Amino acid sequence: MKNLPTLKLSSLWARLKTPLVVFVLLVIWELCVRAFKIKEYILPSPIVALQHLFLPQPDANYSWIVHIRITLNELVISFLVTSVLGILIAIGLAWNSTIKKIIMPAFVFLNSLPIVAIAPLLVLWFGYGLKTNILIAFLVSFFPVVINTTVGLFEIEDDLLDLVKYLHGTKLQIFLKLRLPNSLPYIFTGLKISSTMCVVGVIVGEFVASDKGLGYIIINSQYTMDSPPIFAGLMLVSLFGVALFGIVSALERLCMPWQFRGRNEN
Amino acid sequence: MRDGSKPLLSLKNVKKTFTTGGTELKALGDVTFDVCPKEFVSIVGPSGCGKTTLLKIIAGLLPKSSGEIIVDKKDFDITREVGFVFQKPLLLHWRKVIDNVLLPIEILKKDRKAMEERAQYLLALVGLEGFEDRYPGELSGGMQQRVSIARALVHDPKLLLMDEPFGALDAITRERLNIELLRIWQETGKTILFVTHGINEAVFLSDRVIVLSARPSRMIESLDIKLPRPRQQEVRVQPEFGAYALEIYKSLEIG
Ligand SMILES: Nc1ncnc2c1ncn2[C@@H]1O[C@H](COP(=O)(O)OP(=O)(O)OP(=O)(O)O)[C@@H](O)[C@H]1O
Ligand SMILES: [Mg+2]
């Protein structure tokens, strides 16, 4: 009975320590800007940046909420496309080793291209707008899901395959009952990495292929050397990144209860 | 148990040579024996002599190099009516215990719903009542091996291949499970081919003990164990029990 309150306190601490660290960093940032009198266009203080977000700015010709919704929409669609396509591609690669030998080098090549640099080319080919933006985000972020899922589908103890083989199970059964569940941890690792890269991809896409969204605000404010909205935009973007990562992690727990059964978070 | 009926399974001059990187390794020299329906046959032999290899060949997991494995396809479908207890538990860590037990049902595309009760029953039989919804990671090694025994029985196979199933257990659990296994065997009328290192275990369980030599292995002895059934722990102190064990021990030393 007696250690109940301490238990609660410690779990409260576990939940709050990350936000607290962020808050402390923001305070340090604010204090530094004030102490060293840094000019606003070089580094605005977080309060100034947040003011841009929450208080109406008379000279701003954009509405945050509209652009936030656009970016969020793009992010969700891009990440869904990346996840589904990425996993499907990996399954294709794992299904047939000839396919893998032919296509894998192409993917490695594609991934080593600086997508940011070829993004303008993509705009030229596919035009301005959502589709091109999603394509750019996909190209930036698909690789980790594909690689991790492929590895996961192969990394299975050979002896486990005997369980299905001695009863003359099919290749499909081996895939569905052994390889796929076995690869879940790998898939989620891939999705987590891809989720953060997808945020980058969406913003890069907005830089070049869009006249809407947070990426557009950031690049546009850069032209006018208006730093506070850049920082406000960056704060939002990183918030979305963290949120997406959190959603994937929550999904991971949901899909793999055996991994987390009986373990306390800390 | 052997009553002159025709064998469930006949091995004739089964040989196995592994070729890895140009070097040949003769695992099974020449193995010939029959297993009759409802018979409990144990195989003993030195480590590395090819016991696991032999079971895997019978189960179709490894190709044999030469020889024959003969079954009467009319009464025994060796592709579906075999249960295999591997040397390691090999549970799927993402499946609950009950779902692990039901894996063969899914692979054989039988009606899972109808078999759930049977799976529960088998778990109770191996002493794991109440553990249905646990994950393998939450069980001890011995409990995992017992799950794998329930799994090997769930599709009601005619032939049970067991590869040192109790090798990793402590003596007390092992002897308890020996008695359990004999009970299951008697109740279900299965044919069992049981690989073990334990000479006493082999004598205690079997109708017949087959002794294999070191690599390349051949059968050096096939010993009928004519101890009365049902067997309880007391059998172990009968003089005949010791005589059988000694005979197996001696042939292992020679081979
Ligand atoms: N896939 C393989 N490739 C090459 N050699 C193998 C393979 N499997 C087994 N062997 C060899 O065949 C021999 C027999 O192996 P096996 O596993 O059948 O022995 P065992 O009698 O079951 O031994 P233990 O009692 O230690 O389990 C060993 O020398 C082993 O090295
Ligand atoms: Mg073995």
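**Figure 1. Salt bridges between chain B and chain A.** The side chains of A:D159 and B:K88 form a salt bridge, with an N to O distance of 2.9 Å. The structure is a predicted model. Between chain B and chain A, the count of salt bridges is four. A network of salt bridges links A:K177 with B:R95, B:D99, B:E106, B:R112, B:K113 and B:E116. A search over all chains of the structure finds 22 salt bridges.

**Figure 2. The interface of chain B with chain A.** In this interface, 29 residues of chain B are in contact with 20 residues of chain A. Of the area that chain B buries against chain A, 30% is supplied by B:W94, B:I107 and B:Y135, more than by any other three residues. The size of an interface is often given as the accessible area lost when the parts come together. For chain B and chain A the buried area is about 2200 Å², and carbon and sulfur atoms give 65% of this area.

Figure 3. Helix α4 of chain B spans residues 112-125 and holds both B:E116 and B:K113. These two residues are three residues apart, about one turn of the helix. The side chains of B:E116 and B:K113 meet in a salt bridge at 3.7 Å, N to O. B:E116 counts as partly exposed, at 24% relative accessibility, whereas B:K113, at 64%, counts as exposed. B:K113 and B:E116 also belong to the network of salt bridges that includes A:K177.

**Figure 4. The open sheet of chain B.** Nine strands of chain B form an open sheet with mixed pairing, in the order β4-β1-β2-β9-β8-β3-β7-β6-β5. Its edge strands, β4 (66-70) and β5 (82-85), each pair on one side only. From one strand to the next, the twist averages 20 degrees. Helix α8 of chain B, residues 239-254, packs on the sheet and touches β3, β8 and β9 (217-224). The direction of helix α8 of chain B makes about 165 degrees with that of β9(B).

**Figure 5. Strand β3 of chain B and the strands that flank it.** In the order of the sheet, β3 stands between β8 and β7. Strand β3 (residues 40-44) pairs with strand β8 (residues 208-212) of chain B in the parallel sense, over four bridges. B:V41 stands opposite B:R208 in β8(B), and the bridge partner of B:S42 in β8(B) is B:V209. Strand β7 (residues 191-195) of chain B also runs parallel to β3(B), and four bridges join the two. Within β7(B), B:I192 is the bridge partner of B:F40. From β3(B), B:F40, B:S42 and B:V44 point one way, whereas B:V41 and B:I43 point the other way. Five of the five residues of β3(B) are buried, so the strand is largely enclosed by the rest of the structure.

**Figure 6. Nonpolar cores, with the surroundings of B:F33.** In soluble globular proteins, nonpolar side chains tend to be buried together. The largest nonpolar core here has 69 residues, and those with the most contacts inside it are B:F33, B:I58, B:L161 and B:L193. Helix α8 of chain A (residues 171-209) contributes the largest share of this core, nine residues. A second, separate core of 50 residues includes B:L122, B:F194, B:V211 and B:Y244. Beyond its neighbours within four places in sequence, B:F33 is in contact with B:L9, B:S10, B:L11, B:I43, B:L54, B:L193, B:I210 and B:M219.

**Figure 7. The salt bridge between B:K158 and B:E81.** The side chains of B:K158 and B:E81 meet at 3.6 Å, N to O, in a salt bridge. This pair links distant parts of the chain, 77 residues apart. B:K158 lies in the loop between α5 (141-153) and β6 (159-163) of chain B, and B:E81 in the loop between β4 and β5. B:K158 is partly exposed, with a relative accessible area of 35%, and B:E81 is partly exposed at 23%.

**Figure 8. The salt bridge between B:R229 and B:D207.** A salt bridge joins the side chains of B:R229 and B:D207 at 2.9 Å, N to O. B:R229 lies in the loop between β9 and α8 of chain B, and B:D207 in the loop between α7 (199-205) and β8, so the pair ties together parts that are 22 residues apart in sequence. B:D207 is buried, with a relative accessible area of 9%, whereas B:R229 counts as partly exposed at 23%.

Definitions and conventions
Residues numbered from 1 in each chain as written. Chains lettered and ligands numbered in written order. Predicted model: local features only at pLDDT ≥ 70, side-chain atom pairs only at ≥ 80, totals over all residues. Heavy atoms only, no water. Core = buried A, V, L, I, M, F, W, Y, C linked by side-chain atoms within 4.5 Å. Buried < 20%, exposed > 50% of the residue type's maximum accessible area, 1.4 Å probe, protein only. Contact = heavy atoms within 4.5 Å. Pairing = 2+ DSSP bridges. Axes fitted to C-alpha atoms, helices over the stretch in contact; angles between N-to-C directions. Buried area = accessible area lost by both parts, 1.4 Å probe.
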